[in-house]
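Biologist: I have a model open and I'd like to learn how to read it. Could you walk me through it, one feature at a time?

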Amino acid sequence: MIEQPLSAIWSAIAPAIGNHLWQSTLFAILAGVLAWTLRRNQARVRYWLWLAASMKFLVPFSLLISIGRRLAWSGASAGANDGFYFVMEEISEPFMQSAPPLAAPATVFSSLLHLLPALLTAAWLCGFVVVLIVWFARWRRVCAAMREAAPLQEGREVEALRRLEHVGGIRKRIEMLLSRASLEPGIFGIIRPVLVWPEGISARLEDAHLEAVLAHEVWHVRRNDNLAAAVHMVVEALFWFHPLVWWLGTRLLAERERACDEEVLESGSERQVYAESILKICEFCVGSPLACVSGVTGADLKKRIVNIMNKSVVRKLNFGKKVLLSVVGVAAIAAPVVFGLVRPTQGRAQSFAANSAPNASVFTRGYQNVSITSGETGNGVIQNRIIFTPDSLVAKNQTLHELIRLAYGVPANHISGGPDWLATARFNVEAKLDSSVVAELKKLSPEQQKAERDRMFQTLLADQFKVALHRESKLLPSYVLVIAKNGPKIHPAKPGDTYPNGIKGLDGQPAGPHKFDMSSNGMTVQAMPIAFAVDLLSRHLNQPVQDRTGLTGDYDFTFRLTTEGGMTDHKEVQGGKEVIVHPIEAGGLSPAFLAAIEEQLGLRLDLQTLPQTVLVIDRAEKPSAN
């Protein structure tokens, strides 16, 4: 069904959207604090603060962080400041991206929960379309007035406009159109701005009033206010649901009009004459319907007139405030980039595991006495292996691609990028753990031990092979386990039930209710959760399998395996080069295997395209033999 892939896509992008909205909101609050601090200074400074807050909605910090990751140095993945970076991630990215939750039993609530992504997407799309329709209707109104307008080539209006263009340093002439519509004087257009002048308004304005109004419009052109307003309109269309976005629009409109007022007064216009000219325009004309058409009467008119008639001097920025704004501006751009530079590979989960383990500083020693030599290469069959012992790691004829796969626990096709030799050049790696590290590892739980060993393995690759990578979400083929049409055929486990032939438990002992036996032609499972079967399938497929069965509790079942169709990744020689073949990308498992799943277990594997986390190799280097 369509809601399943949509739900998976939503679960992948929702945390990123949440983090972006949170970061943009904090950025806007910071801009508001700075604007309040500068409330007695020039309006154009506050205007640029509000505009920066608006544009932040279009530039996610994750983009800047990814730029930093691509520039990262090799030794930046671990260090003494892990706790600091963990706290920074918790504050800046409170919405973690997690794996899709297990499906709940079929209820009305769970059905609505599955429909929630579709409903939210539909609601956003409806709001987006409504905003566009409203703006399009207003735009047609302005365009209609433009079509009926006639060019104005001469007269005192044109002479005053040309004189003000020269004073304002505008080289490209502003065309002037005489309109019969009742719209106020306004600048229309971005690349080639045109001044629309209402017919009959000149008769109501004296020369001083006329020049003040035209000066206001010239300053709109010089400041590129229409372009900035158009950018914010894009923000309002995309984030129409965020109240702060619309409040930013009112602040931008108020500060841009006040900024033009200040410029007109500084150019020599009298305060009373300028205030009278605005009031005369308001008596005769209607305000512009679009923010991207800069007029004269925008913002709070009463407050504007008070500000215009107030003879207090507008303060310019002193040296301290200039330094403050410069530092904040540089930090806003540089901080995410630097964060990506110093944290290219280690994520929040790894940092948490490292800092939550007892005596975490011991594990920073990692593997010692590392020896790396070139492995065997050729077109024939290559003997390779990798062995982990409590105190050592021995890899024979392993590619860096395979080492990364093992260190990060991802399928082979979830690794992309890197140099050409990543999956072809082979290496022999031997490394030892210090006895103190081994002793501390024994104090941890199995899950913590695995997390620490993986982290030390990853650090070894970063140190010896200069591996730098980052994670991305991509749409990839993936299997989803669901209940077949006729229902499940696995049986709920009951106390006292046993299987014959002396099946042993997972710990190798005959006692205990949880039992599992696997041979070359099948498996027998007793009192195991469905997650256990999902894990087995994931291992055999070398692909993550998502559980959508909604089955809870422990189950008994017997399943006869089939290797028909090649259900696991395997290596082939193609064009004289050994490559890894992923059957899932070539169309999936054999029909015989899929039929066995359905016939024996009453479950079904559906192949879908779902968002999955992949590792992107930013950099890797061949180590010198040692």
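Modeller: Let's begin with S392, which sits in strand β7; helices (H or I, at least four residues) and strands (E, at least two) are DSSP runs, numbered from the N terminus. The model is predicted, so local features need pLDDT of at least 70 and side-chain atom pairs count only at pLDDT 80 or more, while totals for chains, interfaces and linings use all residues. Residues are numbered from 1 along each chain as its sequence is written, and side-chain values use heavy atoms, with hydrogens and water left out.

Biologist: Is S392 buried or exposed?

Modeller: Buried means under 20% relative accessible area, exposed over 50%, and partly exposed in between (1.4 Å probe, protein chains only). S392 has a relative accessible area of 8%, so S392 is buried.

Biologist: Which residues is S392 in contact with?

Modeller: Contact means heavy atoms within 4.5 Å. Leaving aside neighbours within four places in sequence, S392 touches Y367, I387, A431 and K432. The S392 side chain also makes a polar contact with the side chain of T389, at 2.3 Å. A polar contact is a pair of N or O atoms within 3.5 Å; within protein, one must be able to donate a hydrogen and the other to accept it, and residues adjacent in sequence count only if both atoms are side-chain atoms.

Biologist: And the chain as a whole: how many helices and strands does it have?

Modeller: There are 18 helices and 18 strands. Of the chain's 626 residues, 45% count as buried. Among contacts with a separation of 6 or more, 78% are between residues 24 or more positions apart.

Biologist: Which residues have the most contacts inside the largest nonpolar core?

Modeller: A nonpolar core is a set of buried Ala, Val, Leu, Ile, Met, Phe, Trp, Tyr and Cys residues joined through side-chain atoms within 4.5 Å. The largest one here has 33 residues, and L400, I404, V429, L461 and F465 have the most contacts inside it. Several elements each supply at least two residues of this core, including β5 (367–374), β7 (392–399) and β18 (603–619). Helix α14 gives the largest share, 5 residues. As for F465, its contacts beyond four places in sequence include I372, L400, V429 and P623. A second, separate core has 32 residues, L152, I174, I201 and Y274 among them.

Biologist: How many cavities does a search of the whole structure find?

Modeller: Rolling a probe the size of a water molecule over the atoms shows where empty space is left. On a 1 Å grid over the protein atoms alone, a cavity is a set of points where a 1.4 Å probe fits but cannot get out; lining residues have an atom within 4 Å of a point. The search finds 5 cavities of 30 Å³ or more.

Biologist: What lines the second largest cavity?

Modeller: V142, A145, M146, F188 and S288 are among the lining residues. Helix α5 provides the largest share, 3 residues.

Biologist: Helix α5 also holds W124. Is W124 buried or partly exposed?

Modeller: W124 has a relative accessible area of 29%, so W124 is partly exposed. Beyond its neighbours within four places, W124 contacts L238, W240 and F241. The C-alpha atoms of W124 and W240 are 8.2 Å apart, though 116 residues separate them along the chain.

Definitions and conventions
On a 1 Å grid over the protein atoms alone, a cavity is a set of points where a 1.4 Å probe fits but cannot get out, and a pocket is an open set with protein on both sides within 12 Å along at least five of seven lines; lining residues have an atom within 4 Å of a point. Grid points are joined across faces, edges and corners, and a volume is the space filled by probe spheres set on the points.
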